[in-house]
Amino acid sequence: MRVFPNPRVRNLGILAHVDAGKTTVTERILFLTGAVHKQGEVHDGTTVTDFDPQERERGITISAAAVGCDWDGHRLALIDTPGHVDFSDEVERALRVLDGAVAVFDAVAGVEPQSETVWRQADRHGVPRIAFVNKMDRAGADLDAAVASIRSRLGAVALPVQLPIGREDGFRGVVDLVRMRAYVWDGGGGREETQVPARLKDEAVRRRRALDEAVAELHPEALEEFCADESLSDGTLERALRALTLAGTAVVVLCGSAYRDRGVEPLLDAIVAYLPAPTDRPPVGGGERAADPHAPLVALAFKVHAAPTGRMTYVRVYAGVLTKGATVLDTATGRTERISRVLRVQADRTAEVSLAVAGDIVAVVGPKTVRAGATLCVPDAPVVLEPPVPAAPVVSMAVEARRSTDTGRLAAGLARLAEEDPSLVVRTDPETGQTVLSGLGELHLEVAVERLRRDRDLEVTVGRPQVAYRETVVKGVTGLLHRHVKQDGGAGQFAHVVIDVRPLDGSEGEEEFVFASTVTGGRVPQEYVRAVEAGCRDALAEGPLGGHQVTGLRVTLTDGATHPKDSSELAFRTAGRTALREALRASVMALLEPVAEVTVTVPAESVGAVLGDLAARRGRVTDSQVRGGTSVVTATVPLAELFGYATRLRGRTQGRGTFATRPAGYEPATA
């Protein structure tokens with residue numbers, strides 16, 4: 001059977017800040033494309049993609065869910081991603097395998113903290129995207145303000161291709177500025193295509209002219225036509241918008257109200273028109289494997305679901321064909337695995353297929369040890385793809401079984417959680433012997449513990465969450481000498497090193513540790529220099545202040561000496577580790593704590609109480625705005641002070657206050 005790459009496929013993610021409406025957008029897409037026959041609602045707990053009981057109870061997306069549908073002769077594979085900062089690692093792994101994305105924004109709030117986070121994640125992975133400004137029917141909705149926030153906060157070239165018809169509760173349609181046609185929806189969701197209303201004609205012409213000019217400035221073919229005709233044809237404009245989107249140069253912006261079934265069909269048309277097919281994306285594996293079914297197989301595992309009924313691995317096929325019964329190589333472990341089943345996934349439902357071709361996102365059953373980030377390929381043509389890197393955990397809590405007889409089941413349950421979610425880390429505290437679960441936030445850990453209780457029927461007790469502190473060098477030392485000599489019969493160990501330690505000055509970018517060597521004359525061979533670096537990295541695991549990880553320093557090996565018989569890589573690694581530990585004890589050190597940028601939205605009459613509470617939590621207010629009768633306060637707050645903040649905020653605002661957080665790095669700890 002011959003198979004061909006399909007340019008009529010779109011693999012895309014739905015990205016947004018929590019409560020911007022992305023799950024509702026996904027639900028309306030599934031309904032309009034005929035993938036489901038009844039609309040689900042987030043507030044009723046009936047959506048297709050939020051199928052986990054906790055998602056339905058909490059009203060938020062926790063796990064990325066894959067669904068598929070068809071529109072205008074194209075196959076759309078969608079992944080509805082979480083919008084809460086605690087589950088940003090799910091977004092990271094999804095973006096690693098997606099070709100494009102729809103970024104959903106609230107028409108009132110515009111760019112929100114997590115909007116910015118997921119946008120930067122998409123930037124990092126080079127994922128082309130279009131924007132959908134949702135909730136145009138809300139009081140205070142403003143498309144122009146939302147577009148302005150996309151330009152100012154995200155630095156994107158936003159190109160609105162629609163003009164809303166009606167404002168706030170009167171929003172009932174859009175003018176398509178590319179085709180200069182109007183689309184109006186009735187109360188039942190039916191759509192009518194008409195001419196542009198006379199009262200909006202001049203404004204539509206003005207905005208189309210501005211769109212032509214903006215596109216001409218960015219696209220050579222469009223510029224040539226614009227200079228000749230002083231306008232762009234519809235076809236040229238659409239081709240140019242697609243080219244700019246694929247290159248990441250500009251972002252097409254649409255608008256609507258998914259909850260009221262308005263604006264979703266044009267969004268589907270834009271997905272088909274502007275977002276890339278697998279064949280539009282660059283080859284993987286160092287440029288060797290294009291999206292060609294006739295090339296050797298290469299696929300990336302990005303999610304593992306270890307259900308009690310069996311282990312399912314989600315993969316993106318980049319090249320070749322993945323068939324039922326195939327034997328593949330896991331390049332992460334060097335082991336071969338057999339594919340027993342290939343499944344199309346529709347949220348929590350699956351359908352078996354015989355094969356998957358380049359560009360497909362499917363689930364496979366059979367592999368026993370494949371982890372998220374592993375590359376699967378044919379054994380005789382191995383290749384390694386860059387895996388998604390799990391985020392470092394920032395919050396920890398002790399977890400133990402209430403009954404001693406459940407200790408083994410707890411260990412198995414925690415291992416399964418960590419297998420499914422690489423951003424969860426399980427370790428044993430060497431001092432207390434307690435099992436410690438670490439994750440990306442308080443809610444992240446709450447959800448994980450609740451899964452243990454429900455899925456494994458375990459009674460567990462948990463300790464108060466603890467944050468992950470760091471230590472850094474404020475003032476270093478120079479010329480610290482350490483001589484490692486060990487003689488206990490047979491070959492001995494000898495290593496002589498001299499190191500300088502100083503804080504990083506910011507010129508190294510985002511590096512947390514930099515090692516360099518200025519040794520000349522071959523006094524320390526290169527293989528021993530690498531061993532010294534490895535020893536220094538070992539020493540970073542525990543700092544002198546409290547045994548926390550050390551970050552933000554530069555170590556320079558300035559001199560050293562070897563012994564013709566007793567020197568070895570082991571000896572120099574030991575010397576490097578001990579030397580840096582001594583240097584850190586001699587340096588001026590500082591304790592760092594994780595901080596978060598907190599955006600609090602409260603009624604104007606409650607802002608005083610909220611500001612006082614933030615100050616009591618050692619918060620530093622960085623911005624304050626008033627939107628209508630609502631105040632939006634942005635502050636930087638130590639993460640340790642945010643435990644239980646949701647309950648306190650509700651109490652101070654009679655349940656009307658909300659807040660969102662995003663990581664803001666580390667700052668010196670204060671009392």
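Reader: In which helix does S115 lie?
Author: This is a predicted model, in which local features need pLDDT of at least 70 and side-chain atom pairs count only at pLDDT 80 or more, whereas totals for chains, interfaces and linings use all residues. Residues are numbered from 1 along each chain as its sequence is written, and side-chain values use heavy atoms, leaving out hydrogens and water. Helices (H or I, at least four residues) and strands (E, at least two) are DSSP runs numbered from the N terminus. By this assignment, S115 belongs to residues 113-125, which form helix α4.

Reader: Is S115 buried or exposed?
Author: Buried means under 20% relative accessible area, exposed over 50%, and partly exposed in between, with a 1.4 Å probe and protein chains only. S115 has a relative accessible area of 3%. Because that value falls under the 20% limit, S115 is buried.

Reader: Which residues does S115 touch, leaving aside those up to four places away in sequence?
Author: Contact means heavy atoms within 4.5 Å. With residues up to four places away in sequence not counted, S115 touches H17, F105 and G110.
The accessible area of S115 is 3%, and its contacts are H17, F105 and G110.

Reader: What is the bridge partner of A66 in β3?
Author: β2 and β3 (residues 74-80) pair in the antiparallel sense over seven bridges. In β3, A66 has as its bridge partner I79.

Reader: What is the volume of the largest cavity?
Author: On a 1 Å grid over the protein atoms alone, a cavity is a set of points where a 1.4 Å probe fits but cannot get out. Points are joined across faces, edges and corners, and a volume is the space filled by probe spheres set on the points. The count comes to four cavities of 30 Å³ or more. The largest cavity has a volume of about 180 Å³.

Reader: Which strand supplies the largest share of the lining of the largest cavity?
Author: Lining residues have an atom within 4 Å of a point, and 17 residues line the largest cavity, with V67, A77, R344, V345 and I361 lying nearest its centre. The lining comprises 11 nonpolar residues (Ala, Val, Leu, Ile, Met, Phe, Trp, Tyr, Cys and Pro), three charged (Asp, Glu, Lys and Arg) and three polar (the others, Gly among them). At least two lining residues come from each of β1, β2, β3, β17 (341-346) and β20 (361-365). The largest share, four residues, comes from β3.

Reader: What distance separates the C-alpha atoms of V362 and R344?
Author: V362 is found in strand β20 and is buried, with a relative accessible area of 1%. Not counting residues up to four places away in sequence, V362 touches T313, Y314, V315, V342, L343, R344 and A356. V362 and R344 are 18 residues apart along the chain, and their C-alpha atoms are separated by 5.3 Å.

Reader: Which residue takes a positive phi in the hairpin of β15 and β16?
Author: β15 (residues 327-330) and β16 (residues 335-338) pair in the antiparallel sense over four bridges, and T327 stands opposite R338 in β16. The hairpin has four residues between the strands. The positive phi, near 80 degrees, belongs to G334.

Reader: Why does one side of β7 and of β10 lack a neighbour in the sheet?
Author: Four strands form an open antiparallel sheet in the order β7-β8-β9-β10. One side of each of β7 (162-165) and β10 (191-194) has no neighbour in the sheet because each stands at an edge with a single partner strand.

Reader: Is E230 buried or exposed?
Author: E230 is placed in the loop between α7 (220-229) and α8 (234-247). Although E230 is not a glycine, its phi is positive, at about 65 degrees. With a relative accessibility of 55%, E230 counts as exposed.

Technical notes:
Two strands pair if DSSP finds at least two bridges between them. On a 1 Å grid over the protein atoms alone, a cavity is a set of points where a 1.4 Å probe fits but cannot get out, and a pocket is an open set with protein on both sides within 12 Å along at least five of seven lines; lining residues have an atom within 4 Å of a point.
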